[in-house]
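Visitor: Hi, could you walk me through the aromatic contacts in this one?
Guide: Happy to; here it is.
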Amino acid sequence: MSCSSRYIPHTEDDIKVMLERIGAKSIDDLYADIPSEVIFKGEYDIPSAMSEIELRNHLKSLGEKNSQLTVFAGGGAYDHYSPSVISHLLARSEFYTAYTPYQPEISQGTLQYIFEYQSMICELTGMDASNASMYDGATATAEAMMMMVAAAKKKNRVLMSDTVSPRVAEVVKTYAKFHGVDLCVVEGKGGVSDLDSIYSQLEAGDVAGVIVASPNRYGIVEDFSGLSDRVHAAKALLTMYSDPSALAVLRTPAEWGADIACGDGQSLGMPLLFGGPYLGFMACSKALLRKMPGRVVGATKDADGKRAFVLTLQAREQHIRREKATSNICSNQSLMALYVTVYVALMGKNGLKEVNRLSCDGAHYLYDSLLATGRFSDPFGKPFLKEFTLKTDIDVKALNRRLSDKGFMGGLDLGDGLVEFAVTEKRTREEIDQFVKVIMEA
Amino acid sequence: MKHYDKLIFELSRPGRKGYQLPADSFGVDGIKSIPSDLLRQSDPELPEVSELDVVRHYTNLSSKNFGVDTGFYPLGSCTMKYNPKINEEIAALPEFSALHPLQDPETAQGALELYWNLQNALAQLAGFAEFTLNPFAGAHGELTGLMVMRSYHMARGDKKRTKVIVPDSAHGTNPASAMVSGLQVVEVKSRPNGSIDIEDLKPLLSDEIAGIMMTNPNTLGMFETEILEIAKLVHEAGGLLYYDGANFNPLLGKVRPGDMGFDIMHINLHKTFSTPHGGGGPGSGPVGVAAHLVDFLPNPHVKKDENGKFYVDFGKDALGSVSAFFGNFGVMMKAYAYILSLGKEGIRNVGPMATLNANYIKESLKDDYLLPIAGACKHEFVFDGLKDKSTGVTTLNVAKRLLDYGFHAPTIYFPLLFHESMMIEPTETESLETLDEFIDVMHKVAKEARETPDVVKDAPLSTIVRKLDETTAAKNPILNYKALKNA
């Protein structure tokens, strides 16, 4: 038996030599302890081996079944610009073929970029400490919910504004259902969180934490004046979901008085890639540091006094604490943390501001153009950055089909004639004019 | 080049930049329409560096890392196999990378077909009815699988089942995932060879047991030979069997967990299906289930209609959602390319060659290292440190000394069944020559331990940094640049 595959190097001679050393007659001998009725004797219903040429052709033909659209939608995934440098640096196999940095002496590359990543997330959110990443914004929010309940000890109730993105809310609800959190969704008012309703529910004194988002599910930049004081007065914690790219210009979770900041890093230039890999970020106040889930990197010194980085506070984690850990998370999205780090390093604070200015100006230009058609109205009249929701009398489903025939991805259909559009710095004035023209052909 | 130890923040010079964006031609000032107290009050302190600064900085950082492309990882339970290059190229195809996850499924048929083909291939290889690919990592798959388990019992109105049996030799994520899913852990003790003692298991089975989580082969690399009996007992007690796919590699092409009586399993695509570990992710943790559990799989659910069209379904019996979109799609593309590259014949060699490699190392080193369990292992095995305990050289010392010789360390001090555990898993992608080099070095370290033990105890000696002060790091955590500057 030889194993002619480019990924398995064993020659017939190799196998013979190895079996001899082991003292086995055949490979099957090594499986002799397995009941014969569970040994698979059938044939797999999958294709035969493909060469690289065939594989490329197959993927190309699959790719041709996708439409390449000019994107005017967001909903948690934004078509931002990705500088060329990033893919080149991420392609360095010393980064992407490395294991989790449990051996710090040979993992300083990974450990240092995670430290830089944590520093950048702290700068963007204003918070004291960040972990090394979570899976996505939705699971990061679910983890924040569990963290608030764990910190509150005896309280088990969490309030979540219904202006949080529905895709994030679904995941939070799922985790709440199984983890046994009494999650209460607080209906919004006029497109924003109903703070008065939240305040009245806080009065019972049984609330462990509150989850709000800005920009919210409609793209609206919410005003949380007074919220954190009321939450803290009720001995509860505040989690704020935000867009890390937008935090270069918008009031930060720390400035709003939040205890936990979370969200999705996709907006920091990551390819859309049909939903992932992206990255969830989580940062918190110093007081909550030891309650935070996930890996954390800290600075230290080596035996020669040299500055170095190491995984720290591991006593919170599953491989040490098992069922008493703060979370079950093990693998996170480390390589995507490198993505964020390189992106933020290239853009700097001025580049991020410029990205927001261009996206915001483009969004307002589209907003004005759509209102000018007379077929759209603004149901909320609240401030927005790059994403906004309008009401229309046009059949949204039919409209979006026509738009995709013309090469555009239209706004998200929120039902009841509400459509949510997003504009990034990649959209030109010409593209927006063309987009509006196609809409008006209705 | 000389030692490089700058942080990106330390390269910053006010006014320098590493980007170029188009001019603003919109003639509106959008941000001005946002009330000023909703805007950021003070600027973030982010690096201001040139493009070349960034490129050199991260290239230099990469040179301080060890990866599979650098050298051999004998890392037990982690399955550090070769990450094929064509897979990286495929995951970057613009026909996929520009796809928005909320695009009309009609315009994303290629992506949905890939998702469907991959879940179907995994179902074939693991012997289950259907897979969801949405979970982001192994632990996330465990959590999703336990949610399926609980949904099944809840749907039957069987509310008492709030406990799950987990062996004491299990991966740490098992009990942690159980805790997150709202299940209480009941530990079952392992026999000396890590397998479950049926007599210990029997009294634990009751109408409060939702199921059992098992790793087979277990974390000592030994197959649970009584698995069919265990499955029978658990099913008779009304429980379900969960298979931790972290150790699926030795069975790939040989045994299907679904055929052993398991109802639910997760697969780590970043282990068994060759996708890179990325320094700790992104991974992917697909969850497969038997036919009677398919409706509980999380939303969104990719399905195929009778005309061969793919669509996205949000089932009402689903456990809910565990991801905003479809999971780590880019990782799925790599695993798909891997399966197609090996094909239905080639994939049958994966498990057997991984098992051959592990047994070869085990038999070659058992003269110097203490092998607590004799007999054929599967993809991995555990030594209980050096055979000669008189030298004072520990498993940690041996692990660090291996770094000096250009190898990654094995997994150490896990499983907890032995004091000096050293868990070794070579994978099938390593050649006989690489294994022999590793075996030589392991013998050499054993010899050093006898003759010059201090050299081994002081290791590593030749790495970029040496032993780190982890105690101070945990006592006075410095977790970002600002804190470091002020320290």
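Guide: What follows is a short chat about aromatic rings and the charges over them.
Guide: This is a predicted model, where local features need pLDDT of at least 70, side-chain atom pairs count only at pLDDT 80 or more, and totals for chains, interfaces and linings use all residues. Residues are numbered from 1 along each chain as its sequence is written, chains are lettered from A and ligands numbered from 1 in the order in which they are written, and side-chain values use heavy atoms, with hydrogens and water left out.

Visitor: How many aromatic pairs are there over all chains?
Guide: The count is 36. Rings of Phe, Tyr and Trp (its six-membered ring) pair if their centres lie within 6.5 Å; planes under 30 degrees apart are stacked, over 60 edge-to-face, and the rest tilted.

Visitor: Why is the pair of A:Tyr367 and A:Phe384 called what it is?
Guide: Their planes are at 50°, with the centres 4.9 Å apart, so the pair is tilted.

Visitor: Are those two residues buried or exposed?
Guide: A:Tyr367 is buried at 14% relative accessibility, and A:Phe384 is buried at 5%. Buried means under 20% relative accessible area, exposed over 50%, and partly exposed in between (1.4 Å probe, protein chains only).

Visitor: Which residues form the aromatic cluster?
Guide: Among them are A:Phe72, A:Tyr367, A:Phe384 and A:Phe435.

Visitor: New topic: which charged end sits over the ring of A:Phe72?
Guide: That of A:Arg427, 5.9 Å from the ring centre. The rule asks for NZ of Lys or CZ of Arg within 6 Å of the ring centre and within 35 degrees of the ring normal.

Visitor: And over A:Tyr31?
Guide: There the charged end belongs to B:Lys378, 5.5 Å from the ring centre.
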